[in-house]
Amino acid sequence: VRLVESGGGLVQAGGSLRLSCAASGSTFSILVMGWYRQAPGKQRELVARITSGGGTNYADSVKGRFTISRDNAKNTMYLQMNSLKPEDTAVYYCGADLRSAWNDYAPQRYWGQGTQVTVSA
C-alpha cells in the first residue's frame with residue numbers, strides 16, 4: 001500500500017491550496033481517509049477525515065475554511081484549504097484505514113510521506 005501526497009507549498013495568508021492523496025497497491029477496501037498535520041514541536045493532529053460513504057469530520061480550527069473530499073473510483077482524497085492562516089503551517093499527512101484484501105478482517109492505518117504547507121503572514 002502506498003499513499004502519495006501532493007499540492008503543498010508556500011502561500012500568503014488568506015490564500016488557498018489544494019492537497020491530493022492517491023492510494024495505490026493492495027487497497028481492497030479503503031474505509032476512512034484523513035488529513036493530519038504536525039507543526040514543529042507539536043503532536044500530529046487530525047485536520048479532517050472522510051468515510052467511504054462521504055461522511056466528514058473537521059477539526060474546529062479548520063471548519064468553514066477547509067473541505068475534504070474523495071473519489072472512491074480513483075482511490076484519491078483531496079483537501080481544499082481556503083483562507084489559510086500562518087497557524088496552518090505544518091507538514092500535512094494523508095492517512096488511510098483500509099483492508100488490503102478480501103480476507104483481511106483487521107483494517108490497518110497507512111501513512112503517506114507528508115507534504116509541507118507554509119503560510120506566510
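Colleague: Which residues form the nonpolar patch on the surface?
Modeller: Phe28, Trp102 and Tyr105, with about 450 Å² of accessible area together (Shrake-Rupley, 1.4 Å probe). Such a patch joins nonpolar side chains within 5 Å, from residues with over 30% relative accessible area and no salt bridge (Lys or Arg side-chain nitrogen within 4 Å of an Asp or Glu carboxyl oxygen). This is a predicted model, where local features need pLDDT of at least 70 and side-chain atom pairs 80 or more, while totals for chains, interfaces and linings use all residues. Numbering starts from 1 along each chain as its sequence is written, and side-chain values use heavy atoms, without hydrogens or water.
Colleague: Where is phenylalanine 28?
Modeller: In the loop between strand 3 (17–24) and strand 4 (29–38); strands are DSSP E runs of at least two residues. Phenylalanine 28 is partly exposed, because its relative accessible area is 47% (between 20% and 50%).
Colleague: Switching topic, how much space lies in the largest cavity?
Modeller: About 40 Å³, and the structure holds one cavity of 30 Å³ or more. On a 1 Å grid, a 1.4 Å probe fits in a cavity but cannot get out, and lining residues have an atom within 4 Å of a point.
Colleague: Which strand gives the most to that lining?
Modeller: Strand 4, with four residues. Strand 9 (90–99) also supplies at least two. Arg49 and Arg109 are among the lining residues of this cavity.
Colleague: And how much space is in the largest pocket?
Modeller: About 150 Å³; a pocket is open, with protein on both sides within 12 Å along at least five of seven lines. Its lining includes Arg37, Lys42, Glu45 and Glu87.

Technical notes:
Grid points are joined across faces, edges and corners, and a volume is the space filled by probe spheres set on the points. Patches are made of residues with over 30% relative accessible area and no salt bridge: like charges are joined within 9 Å, nonpolar side chains (Val, Leu, Ile, Met, Phe, Trp, Tyr) within 5 Å. Buried means under 20% relative accessible area, exposed over 50%, partly exposed in between (1.4 Å probe, protein chains only).
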